[in-house]
Amino acid sequence: IRTERVARAGGEAAAIIVTDTGVGMDATTAAHIFEPFFTTKPEGKGTGLGLSTVYGIVAQAGGTVTVETAPGRGSTFRVELPAIASGAAGDPAPVSGDPLARVSGRRGEVVLLVEDDDGVRAFARRVLEGRGFRVVEARQGTEALARAAAQAGPLQLLVTDVVMPGMSGRELAQALQPLRPGLRVLYMSGYVREDISALALGDPRHAFLQKPFSADALAIAVEELLARPL
């Protein structure tokens with residue numbers, strides 16, 4: 001690992017360069033490594049979210065991530081971030097209307113998270129807990145109903161995959177909402193069929209988030225849904 005300062009359009013950048021001595025990657029694999037949920041590991045051994053999360057964080061900060069690699073030659077990752085003088089006069093103040101600023105101020109609202117993919121569920125749980133929510137999780141619909149029944153206090157939000165074994169996310173929401181009248185529902189799906197993405201239309205308590213999604217996209221979707229007047 002090494003660091004350096006470099007010149008680039010718009011000013012200086014700080015570069016972090018990480019080199020390994022592993023097996024390296026061919027061009028086809030390297031072209032996909034920053035895609036969410038892409039992994040070369042066996043099923044159950046990796047989520048494919050590590051590098052995509054890094055890419056999203058760096059991009060949000062106005063930086064770039066690149067890789068140089070070849071089979072048998074290891075890999076070198078280069079992260080470049082805009083250099084900012086510490087405590088410089090005129091630094092912008094936090095924007096109170098920023099959805100991420102609002103979601104980071106949450107104080108323990110309860111989210112029922114339902115997702116049959118263990119990796120995606122773990123990722124979403126980390127994001128939500130990191131922003132102040134309490135998360136109750138389940139792998140599928142019947143388990144989610146049992147968890148909701150056991151939740152004695154308020155339940156503000158259901159975040160659910162749409163397509164799951166047994167009970168769909170829509171069926172789960174329809175079963176829960178009579179029991180939890182104020183419940184809001186964020187549907188998630190990697191499918192692009194119109195009938196799935198239209199689940200949230202016409203009901204202010206519902207929203208839809210397309211997979212794959214970044215940590216910021218999930219946080220903003222949750223905040224915007226909770227902020228809607230009913």
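The side chain of D117 reaches the backbone nitrogen of V120 at a distance of 3.0 Å. In this predicted model, D117 also caps the N-terminal end of α4, with a side-chain oxygen 2.9 Å from the backbone nitrogen of G119. The residue itself belongs to the loop between β5 (110–114) and α4 (118–130). Its relative accessibility is 39%, and D117 therefore counts as partly exposed, a class that lies between the limits of 20% and 50%.

Helix α4 consists of 13 residues and spans 18 Å from its first C-alpha to its last, close to the 18 Å expected at 1.5 Å a residue. Its buried residues are G119, V120, R121, F123, A124, V127 and L128. In general, an α-helix has 3.6 residues a turn, so residues three or four places apart point the same way. Just after α4, G132 adopts a positive phi of about 95 degrees.

D161 is located in strand β7. Because its relative accessible area is 6%, D161 is classed as buried, the limit for that class being 20%. The side chain of D161 forms a polar contact with the side chain of K211 at 3.3 Å. Beyond its neighbours up to four places away in sequence, D161 touches V114, E115, D116, G169, M188, S189 and K211.

On one flank, strand β7 (residues 157–161) pairs with β8 in the parallel sense over five bridges. The chain passes from β7 through helix α6 (residues 169–176) to β8, and this β-α-β crossover is right-handed. Within the pairing, R184 of β8 is the bridge partner of L157. Strand β8 also pairs with strand β9 (residues 206–210), again in the parallel sense and over five bridges. There, V185 stands opposite H206 in β9.

A further buried position is found in another strand. F77 lies in strand β4 (residues 75–82), and its relative accessibility of 18% is the reason why F77 counts as buried. Leaving aside neighbours within four places in sequence, F77 is in contact with I16, I17, V18, M25, I33, F34, L51, T66 and V67. The C-alpha atoms of F77 and T19 are separated by 6.4 Å, with the two residues 58 apart along the chain.

These local views can be set against the whole chain. The protein chain has eight helices and nine strands. Buried residues make up 39% of its 230 residues. Of the contacts with a separation of 6 or more, 60% come from residues 24 or more positions apart. The chain exposes about 12,800 Å², of which carbon and sulfur atoms supply 56%.

Note on methods:
Residues are numbered from 1 along each chain as its sequence is written. This is a predicted model: local features need pLDDT of at least 70, side-chain atom pairs count only at pLDDT 80 or more; totals for chains, interfaces and linings use all residues. Side-chain values use heavy atoms; hydrogens and water are left out. Two strands pair if DSSP finds at least two bridges between them. Helices (H or I, at least four residues) and strands (E, at least two) are DSSP runs, numbered from the N terminus. A crossover is right-handed if, with the strands pointing away from the viewer, the path from the first strand over the helix to the second runs clockwise. Buried means under 20% relative accessible area, exposed over 50%, partly exposed in between (1.4 Å probe, protein chains only). Contact means heavy atoms within 4.5 Å. Accessible areas come from the Shrake-Rupley method with a 1.4 Å probe; for residues, only the protein chains shown count as cover. A polar contact is a pair of N or O atoms within 3.5 Å; within protein, one must be able to donate a hydrogen and the other to accept it, and residues adjacent in sequence count only if both atoms are side-chain atoms. The expected span of a helix is 1.5 Å times one less than its number of residues.
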